[in-house]
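Here is a short briefing on selected local features. Please read it alongside the sequence and structure.

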Amino acid sequence: MAKFNWLIATLVVLITTLWLAAEPALFSSTDFYQWRAALVQYSGMLTVGLMSLCLLLALRLPFIEQLTQGLDRSYRIHKYLGIAAVTLGSVHWLLAIIPKQLVKAGLLDPPIKGIGPRNPDSFYALIKPLRPLAEQVGEYTFYAFVVLAAIALLGMVRYKSFRYSHKLMAVAYLAIAFHSSILIKHSYWPYSITLVSLMLIWLGVVAALYSLFGRIGKSKQHKAEVAKFSYLEKSQLLDLRIKVPHWPGHHSGQFAFLRFAGEEPHPFTIASAPSTQPLRFLIKELGDFTGQLKARLVQGQALSIEGPYGNFNFSEKSPQLWLAAGAGIAAFTAILQQRANTANPPPACLYFCCEGADANFVKQLQVQAHNAQVDFKLIDNTVQDCLSFSQLQQEVPDLFSREIYFCGPVPFGKSIQQHLQQNDYDLRHFHRELFNFR
């Protein structure tokens with residue numbers, strides 16, 4: 001993830017440097033409108049640059065996943081880049097709108113406008129009539145972006161509707177691309193900032209069209225069918241097995257998107273070892289789709305699977321502590337099976353935290369843990385206190401020298417991470433699946 005963060009920082013510095021080069025007289029000027037025009041351009045270029053990266057992150061491209069160290073982290077950066085882009089877009093809008101309103105109210109003198117190039121055959125003369133339309137398109141698209149961003153961030157609609165509303169972001173970006181291309185300041189044209197801005201816009205347009213034409217994840221999609229399934233009532237887990245004839249293989253801890261007829265794809269951790277068929281998924285009832293899934297399944301039912309994705313990789317040398325909560329146990333069932341066939345695996349301890357546990361499922365985990373030489377501990381919150389950090393310190397004496405892997409609810413993971421940080425634990429050895437795609 002750090003590599004992509006450096007890429008974002010480099011892009012911001014590059015745009016800033018090239019923008020300043022195109023405004024050589026800015027800092028010696030006392031003209032309000034010169035500053036306003038320059039800052040409108042700067043905020044707009046930063047906004048469209050971040051939007052382009054945002055769209056690129058949503059494409060599930062392998063080289064992007066390598067840069068961010070996992071698709072879960074790609075989507076996390078995508079989320080915060082989107083927030084940054086909307087914030088900068090708001091600044092851009094305020095810089096454009098407020099002076100106009102002050103002029104209308106008689107509180108600010110209107111600017112003295114130039115006439116632009118006199119050559120009627122110039123390219124600028126050709127696109128100049130489009131500038132008023134580009135301004136209008138940009139303003140109304142900004143309003144749409146704010147609404148779509150609010151829907152995405154506040155969880156205002158169900159997952160299926162969210163997917164469609166989020167798709168509209170790509171349509172809105174195409175309108176922003178038109179707005180940004182036409183309204184690049186004419187005096188910038190001889191400078192590199194124009195070329196860089198147009199390249200970023202082109203990148204964003206390609207990404208938007210790639211999304212709109214349904215190309216995301218296409219090369220990783222495979223036909224599958226339901227082999228068998230059972231429901232673990234106490235744990236509220238659906239144990240699903242699917243056959244995937246042309247599955248390319250995966251690593252323990254990775255996940256895939258499952259898509260049933262009439263539904264959007266949903267991400268689930270693969271709960272079976274890399275060489276095992278059928279593939280296994282442990283699906284927790286957390287919403288409308290997962291709550292209704294067990295009643296809709298039929299043996300032999302067709303579906304598609306897309307993946308594998310993720311970079312939740314387990315160390316092969318260091319002592320480890322595994323913390324699983326709820327459906328987070330799926331990531332560890334895969335590595336348990338894999339370790340059973342590994343000679344001299346490193347020491348490992350697995351805590352499984354849940355609210356009610358099926359006896360047969362727990363027994364299965366205990367057998368797998370024994371075969372994998374893993375110390376297994378069950379924390380059933382219906383009969384005992386929740387796992388605390390002090391309990392971990394007492395029961396795992398070498399806690400701070402272990403690689404720690406966590407998969408479960410976000411608040412629990414944040415709490416563990418904060419306690420580790422307070423105890424000067426090197427967080428490079430704390431691995432947490434950021435399994436949140438909204």
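Is Gln 69 buried, partly exposed or exposed? Gln 69 counts as partly exposed because its relative accessibility is 43%. Buried means under 20% relative accessible area, exposed over 50%, and partly exposed in between (1.4 Å probe, protein chains only).

This is a predicted model: local features need pLDDT of at least 70, side-chain atom pairs count only at pLDDT 80 or more, and totals for chains, interfaces and linings use all residues. Residues are numbered from 1 along each chain as its sequence is written, and side-chain values use heavy atoms, leaving out hydrogens and water.

**Backbone features**

- Most residues other than glycine have a negative phi, and most peptide bonds are trans.
- Gln 69 has a positive phi, near 65°, and sits in the loop between α3 (62-68) and α4. Helices (H or I, at least four residues) and strands (E, at least two) are DSSP runs, numbered from the N terminus.
- Asp 424 is not a glycine, yet its phi is positive at about 60°. Its place is the loop between α13 (410-422) and β11 (430-432). At 71% relative accessibility, Asp 424 counts as exposed.
- Gln 277 to Pro 278 is a cis peptide bond, with omega near 0°. Pro 278 is in the loop between β4 (266-269) and β5 (279-284).
- Gly 307 to Pro 308 is also cis, with omega near 5°. Pro 308 belongs to strand β6 (residues 302-309).

**Gln 254**

- Gln 254 lies in the loop between β2 (237-243) and β3 (255-260). It counts as buried, at 8% relative accessibility.
- A polar atom of its side chain is 2.8 Å from the backbone nitrogen of His 251. The side chain of Gln 254 also reaches the backbone oxygen of Gly 310, at 3.0 Å.
- Beyond neighbours within four places in sequence, Gln 254 is in contact (heavy atoms within 4.5 Å) with residues including Pro 308 and Gly 310.

**Helices α1 and α2**

- The axes of α1 (residues 2-21) and α2 (residues 32-57) come within 10 Å and cross at roughly 155°. So α1 is roughly antiparallel to α2, a label for angles over 145 degrees between N-to-C directions.
- Residues of α1 in this contact include Phe 4, Leu 11 and Trp 19. Those of α2 include Leu 39, Tyr 42 and Leu 53.
- The contact residues divide into 14 nonpolar, two polar and no charged. Ala, Val, Leu, Ile, Met, Phe, Trp, Tyr, Cys and Pro count as nonpolar, Asp, Glu, Lys and Arg as charged, and the others, Gly among them, as polar.

Notes
Polar contact = N/O pair within 3.5 Å; in protein donor to acceptor, adjacent residues only side chain to side chain. Axes fitted to C-alpha atoms, helices over the stretch in contact; angles between N-to-C directions. Parallel < 35°, antiparallel > 145°, perpendicular 65-115°, else oblique.
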